[in-house]
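The structure comes first, and the text follows.

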Amino acid sequence: MIELGHLAAFLSLALALAQGIYGLMGQRRIAGWAAMAAFGLMLISFLTLVMAFVRSDFSVALVAQHSHTLKPMLYKISGAWGNHEGSMALWCLVTLGFGAAGAVWMKTGREKLEARTLGIQGLLAVGAMSYLLFASSPFLRLDPAPFQGAGLNPLLQDPALSFHPPMLYLGYVGYSFVFALAAAGMMESRIDAVWAREARRWSLAAFVPLTIGIALGSYWAYYELGWGGWWFWDPVENASLMPWLIGAALLHSVIVTEKREGFSAWTALLAVLAFLFSIMGAFLVRSGVLTSVHAFAVDPERGAILLFGLVLYGGFALILFALRAYKLSGGKPWVLLSREGALMANNIVLIVATLTVLLGTLFPLMAEAAGKTISVGEPYFRLTFTPMLAALLVILPVVQAWAWGKADLSNWMKWAAGGIALVLVFMALGVGIWSISLGAAFGLALGVWLVFGALYELSRRAVTVKRVFKMPPRVWGMTLAHVGLGLFVIGAVVETTGRYETTVALAEGGTGTAAGWTLTLDEVRAIEGPNWYADRAVLTAVKGGTKAVLAPMKRYYPAAQMPTTETAIHKTGTGDLYMALGEQRIVDGEPRWVFRVYFNPLIDLVYFGVILMAIGGGFCLWPRKRTKTA
Amino acid sequence: MRFLVILLASVFMMGAACAEDVALDNPNEEARAQALMRELRCVACENEPISQSSAPIAEDMRARVRVMIEGGASDTEVRNWFEDRYGEFVLFRPKSDSLSGWVLWGTPFALLVFGGLIGLAVARSRKASVEPVRPEDI
């Protein structure tokens with residue numbers, strides 16, 4: 001079976017090469033067919049791999065190393081990409097998938113541009129496929145086959161994490177297609193409105209799954225790692241945040257290219273950078289140059305190959321850019337205070353924010369090379385990254401109404417008065433009633449400002465209520481994304497500044513208090529699951545009239561010889577009461593269980609906001625009704 | 001003398017190790033202690049602050065933070081105490097008083113200013129007759 005997959009992968013590599021050559025020769029049709037066939041073969045290949053995991057075929061080395069007969073079916077399947085080789089196979093599949101999708105759905109009317117895009121995408125696939133087949137093959141047999149597999153890392157045995165890598169890869173690899181489009185556009189020195197319309201769709205097709213992937217990863221870290229937080233500024237998280245930020249900058253810059261044929265060189269550069277940052281993220285995570293709690297498949301040698309790929313693609317694209325950038329047109333004229341100017345500010349801040357994340361992530365490495373060991377963590381990003389983005393978000397509601405070319409500034413007093421009033425209200429509420437810090441009050445005002453700003457803009461454009469529902473999907477997309485951003489800000493501010501955490505040690509039958517809740521430990525019992533056993537505590541939490549039962553667990557996976565925490569979360573509507581079970585300890589002569597207890601106010605808003613951003617992106621992908629504009 | 005130091009140190013460590021990993025009575029002090037715990041790095045873990053780590057040493061470090069806060073130490077004194085023992089590595093808030101600290105903390109803002117200047121230059125070079133156009137969808 002697996003040999004069939006191996007063979008299919010080789011054939012797919014050959015077809016990807018054909019896609020590359022014919023594409024670069026300008027043969028749109030042949031390259032398109034090759035792209036679809038290469039994808040079909042790789043799909044077969046990938047399915048044989050998944051089948052080997054489903055059937056627990058331990059004669060396949062990868063299955064023996066990463067699977068186990070007792071694992072639930074979902075994790076047998078997701079185990080196929082929960083390891084280095086399998087995830088590379090997924091990477092190849094998605095690369096070819098975007099090539100095939102491009103062959104079907106690209107509609108620019110420019111044969112050469114499309115052919116070259118497919119060609120470059122084919123060559124990118126050849127690179128990934130060669131890496132897969134010659135440096136990290138998942139198709140190797142093991143002889144003799146063991147009776148039992150070694151099991152998947154227990155931390156990865158989680159529903160959210162089953163879909164986290166595919167989503168993330170759809171995003172990362174989606175940018176490979178945007179990269180290919182940019183390179184093809186630069187080859188013919190035409191980054192114009194037609195190009196931008198196409199590039200915008202594909203950037204969205206990458207941005208939406210990347211957003212969902214990051215949200216899933218963050219949610220997983222929240223409830224599985226048992227730390228009570230949702231973002232840790234961990235190097236691996238940063239590695240996914242950087243392409244996202246570049247992608248967000250690209251989504252805004254490409255609008256200027258589409259509508260005004262402006263920013264064309266800059267948009268092309270961002271299109272290239274989004275993919276380069278994606279590969280760099282993979283490199284940082286896989287090579288083990290950074291220490292992280294998220295990194296799972298670390299190997300310095302593979303890191304070196306990824307670095308080589310990064311330098312190769314990056315070098316190619318940037319040289320091409322240097323040769324062609326001056327030929328790209330400048331678009332229609334505009335002044336600083338205009339829609340173009342506002343989108344330029346968006347881009348400057350997002351790029352500087354990306355570079356800040358990059359600096360903070362790599363600085364410990366550079367310091368180590370200079371003989372100093374230092375750490376860069378949350379306080380650094382809170383004091384650099386956060387204020388920068390906050391400044392950008394402050395202007396968003398105002399500038400999204402601005403016209404192209406030159407903004408009408410006659411009503412600026414109204415905006416300023418509204419903004420200042422909002423801040424003052426929250427300052428008064430924050431200091432007087434909620435007793436929160438001034439920074440938190442400002443953050444809340446900012447979130448509300450964004451939500452109202454987005455809704456106001458929708459109503460301003462629609463004029464009447466009836467027309468709100470007839471607005472183009474893109475306007476809805478923008479509104480939803482910006483409302484999501486506002487809700488995210490509110491959730492993030494409230495959660496980070498209002499989180500309560502403590503530790504309580506309870507004897508069985510004992511009672512304690514935390515975060516205003518009275519906690520009674522009813523029992524702690526040893527239980528058994530399909531491939532783990534656990535200590536499971538049952539607690540009754542009472543606050544006022546509400547009562548909740550929480551059952552946090554400490555699991556032990558014998559196959560991997562590894563413990564995990566299974567947190568218990570009670571949603572109150574305004575936040576999460578969150579408990580993780582710790583060690584048993586002797587306190588005052590009697591055994592007690594230690595619990596970490598958190599109350600995370602409004603944390604759901606963080607995830608809801610991010611998902612709303614993804615949905616907004618999805619709306620923007622919706623094809624428009626053709627109007628008279630050609 | 002040396003014996004005395006070791007004796008004192010061990011008594012002191014025992015005190016720290018035995019201190020329960022539970023909240024201080026004064027909520028303001030506890031909030032300060034927790035804020036500090038979030039920015040001190042556990043020395044035994046991959047990349048976690050002591051507030052999150054379940055390692056025994058992190059527990060001791062948490063207890064130490066609480067003992068010091070309760071004893072009236074300022075945030076800076078707590079940070080310095082840990083830095084003296086474990087090196088700058090232990091601080092998730094890197095220091096800004098050396099050249100590298102300046103580079104680390106200054107670069108983002110320098111880049112922002114630089115980017116802003118470029119933006120202004122780009123916008124200035126484009127003053128021609130401008131026709132405002134209302135955005136029809138985005």
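In this predicted model, the C-alpha centres of domain 2 of chain A and domain 4 of chain A are 37 Å apart. The domain assignment divides chain A into domain 1 (1-157), domain 2 (195-306 + 326-402), domain 3 (403-499) and domain 4 (500-602).

Two packed helices are described by the angle between their axes and the distance between the axes.

| Helix pair | Angle | Axis distance |
|---|---|---|
| α1(A) (residues 2-24) and α2(A) (residues 28-54) | about 160° | 8 Å |
| α2(A) and α6(A) (residues 111-135) | roughly 35° | within 9 Å |

Helix α1(A) packs against α2(A) at an angle of about 160°. Since angles over 145 degrees count as roughly antiparallel, α1(A) is therefore roughly antiparallel to α2(A). The crossing of α1(A) past α2(A) is left-handed. The residues of this contact comprise 20 nonpolar, 6 polar and no charged.

Helix α2(A) also passes α6(A) in a left-handed crossing. On the α2(A) side the contact is made by Arg28(A), Ala31(A), Gly32(A), Ala35(A) and Ala38(A). These meet Glu111(A), Glu114(A), Ala115(A), Leu118(A), Gly119(A), Gly122(A) and Ala125(A) of α6(A). By class, the contact of α2(A) with α6(A) has 6 nonpolar, 3 polar and 3 charged residues.

**Contact between chains A and B**

How many residues of chain B are in contact with chain A? Chain B contributes 43 residues, which are in contact with 49 residues of chain A. Helices α2 (27-38) and α5 (99-124) of chain B each supply at least two residues of the side that touches chain A. Of the elements on that side, α5(B) gives the most, with 11 residues. The side of chain B that touches chain A divides into 19 nonpolar, 10 polar and 14 charged residues.

**Annotated spans**

An unreviewed UniProt entry places a "transmembrane region" at residues 102-123 of chain B. In the model, residues 102-123 of chain B are 100% helix and 0% strand, and the end C-alpha atoms of this span are 31 Å apart.

For chain A, an unreviewed UniProt entry lists "domain: Cytochrome c assembly protein" at residues 81-287. Residues 81-287 of chain A are 76% helix and 0% strand, with the end C-alpha atoms 18 Å apart.

Key:
Residues are numbered from 1 along each chain as its sequence is written. Chains are lettered from A and ligands numbered from 1 in the order in which they are written. This is a predicted model: local features need pLDDT of at least 70, side-chain atom pairs count only at pLDDT 80 or more; totals for chains, interfaces and linings use all residues. Axes are lines fitted to C-alpha atoms, for helices over the stretch in contact, and angles run from 0 to 180 degrees between N-to-C directions. Helices (H or I, at least four residues) and strands (E, at least two) are DSSP runs, numbered from the N terminus. Angles under 35 degrees count as roughly parallel, over 145 as roughly antiparallel, 65 to 115 as roughly perpendicular and the rest as oblique. A crossing is left-handed if the near helix is turned anticlockwise from the far one by less than a right angle, and right-handed if clockwise. Ala, Val, Leu, Ile, Met, Phe, Trp, Tyr, Cys and Pro count as nonpolar, Asp, Glu, Lys and Arg as charged, and the others, Gly among them, as polar. Two residues are in contact if their C-beta atoms, placed from the backbone, lie within 7 Å. Domain bounds come from an automatic or database domain assignment. UniProt positions are given in the numbering used here, feature names are shortened, and annotations may be inferred rather than shown by experiment.
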